[in-house]
Every structure is written in structure tokens, then in C-alpha cells.
Amino acid sequence: MVLIGFMGAGKSSVGRALAERLGWAFEDLDERIEQRERRKVAEIFRDSGEAAFRRAEHAALKELLVELRTRVQKIVALGGGAFVQKKNAGLIEASGIPTVFLDADAEELWRRCRSQSEQQGLERPLLGNRESFRLLHESRRPHYLKASLRQETGGKTVGEIAAEVVEALGLDRRRGR
Ligand code: S3P
């Protein structure tokens, strides 16, 4: 399955928890981009600009989707802008892989991103300020709502969110389903 949503939605942490729970593999698309480009996402943005990053993102996604044709038990976390690009959403929809939108309000997403940047030094080139963050979130949310499943994450722990996704998709191996 593919996890989508805005910055701070918890795509990577929920993705890891889901992978652990289901015994599936996990992959973060941004990490594939960094390996292919031999540069950090922040460096690609800084040195080559957003358009170059989007090209690298699309190429990495295409490569990954080809691999998923044979290895289906994988959780993939996309960067916040990936599914907003029409051609990326088209490729994912055509693949038939279920998409899960991790939803939360802009204020909570902003708080999570701020604390990740302060505590872990996580650099997000498009973080901007509170107001630009809110506007970007508002413009992207309609795209995320096209996902197969919308999962509310506000006020929930990573474990709770993973459990709810598993339940909603009927995937719990511990229940023998
Ligand atoms: C982006 C989000 C980032 C990363 C890049 C662009 C975006 O990923 O892909 O900085 O356009 O929202 P996260 O959503 O994991 O922060």
C-alpha cells in the first residue's frame, strides 16, 4: 500500500509500524530519491530547485512501481508533494495499489513538523511559515482525498493509527484474515 498525506502526517513512522505489524517491507520514496541522486532531498531543492526534485521523484516512483508488480507486500511512504503531481497519481491509480491518506488538521501538522525540526534537525525545504504551510495544506488536501482510504491521525499514537489502518483494510494477520 502507498501512504500519502502532508508533511508531518506520519507517513514514515506509521509506515514502519504497519510494516512491522504485517511483516511487510517498508520503503520511503524520499530515501530512494536520495540514493538515486546521491544527494539529500534538501540539497536537491537547494542546488537544483523544486522542478528537478519533482523529476527525480517521478523517476523514482516509476522505478518503484515496476518493482512492486512482483513484490507486492510493501508499505511505501511518499513525500507530501508526490501524489499532488497528476502524473504520479495517475501511475499509482493505474497500478491498482491501495492508497491511504493520513489526515490531520494543519495546526497539528505544523506542530509536529516544528518539533521534528527542533528535536531531530529534520530539514523540510517547503516548510515555510505557519501561514504558507496552512495554505499549501489547504490546496493539497483535495488531492489527498482521492486516496482509497482516509485515516484520521489527530490526537492518536502511531500504534493506534497503524492498528486502525490494518482494521480498515482487513489485513490483520493476527486475526487470521
Ligand atoms: C515535500 C515533502 C517532503 C519531501 C520534499 C517535498 C512536499 O516529504 O518529499 O521535501 O512537497 O511536501 P515529507 O512529506 O516526508 O516531509
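Arg38 counts as exposed, since its relative accessibility is 75%, where exposed means over 50% relative accessible area, buried under 20% and partly exposed in between, computed with a 1.4 Å probe on protein chains only. Although Arg38 is not a glycine, its phi is positive, at about 55°, and its place is in the loop between α2 and α3; helices here are DSSP runs of H or I with at least four residues and strands are runs of E with at least two, both numbered from the N terminus. The model is a predicted one, in which local features need pLDDT of at least 70 and side-chain atom pairs count only at pLDDT 80 or more, whereas totals for chains, interfaces and linings use all residues. Residues are numbered from 1 along each chain as its sequence is written, and side-chain values use heavy atoms, with hydrogens and water left out.

The axes of helix α2 (residues 29-37) and helix α4 (residues 50-68) come within 9 Å and cross at roughly 110°, the axes being lines fitted to C-alpha atoms over the stretch in contact and the angles running from 0 to 180 degrees between N-to-C directions.

Turning to α4 itself, its buried residues include Phe53, Arg54, His58, Leu61 and Leu68, and what covers the buried residues of α4 includes β2, α2, α3 (41-48), β3, α5 (86-95) and α7 (130-144).

In helix α1, Lys11, Val14, Gly15, Leu18, Ala19 and Leu22 are buried. These residues cover an arc of only 140° around the axis, which puts them on the same side of α1, the arc being that of the directions from the helix axis to the C-beta atoms. The cover over the buried residues of α1 includes β1 (2-4), β2 (25-28), β3 (74-77), β4 (99-103) and α8 (158-169). Just after α1, Gly23 takes a positive phi of about 75°.

Gln151 lies in strand β5 (residues 149-152) and is buried, with a relative accessible area of 5%. Leaving aside neighbours within four places in sequence, Gln151 is in contact with residues including Val100, Leu102, Lys156, Ile161 and Glu164.

Note on methods: Contact means heavy atoms within 4.5 Å.
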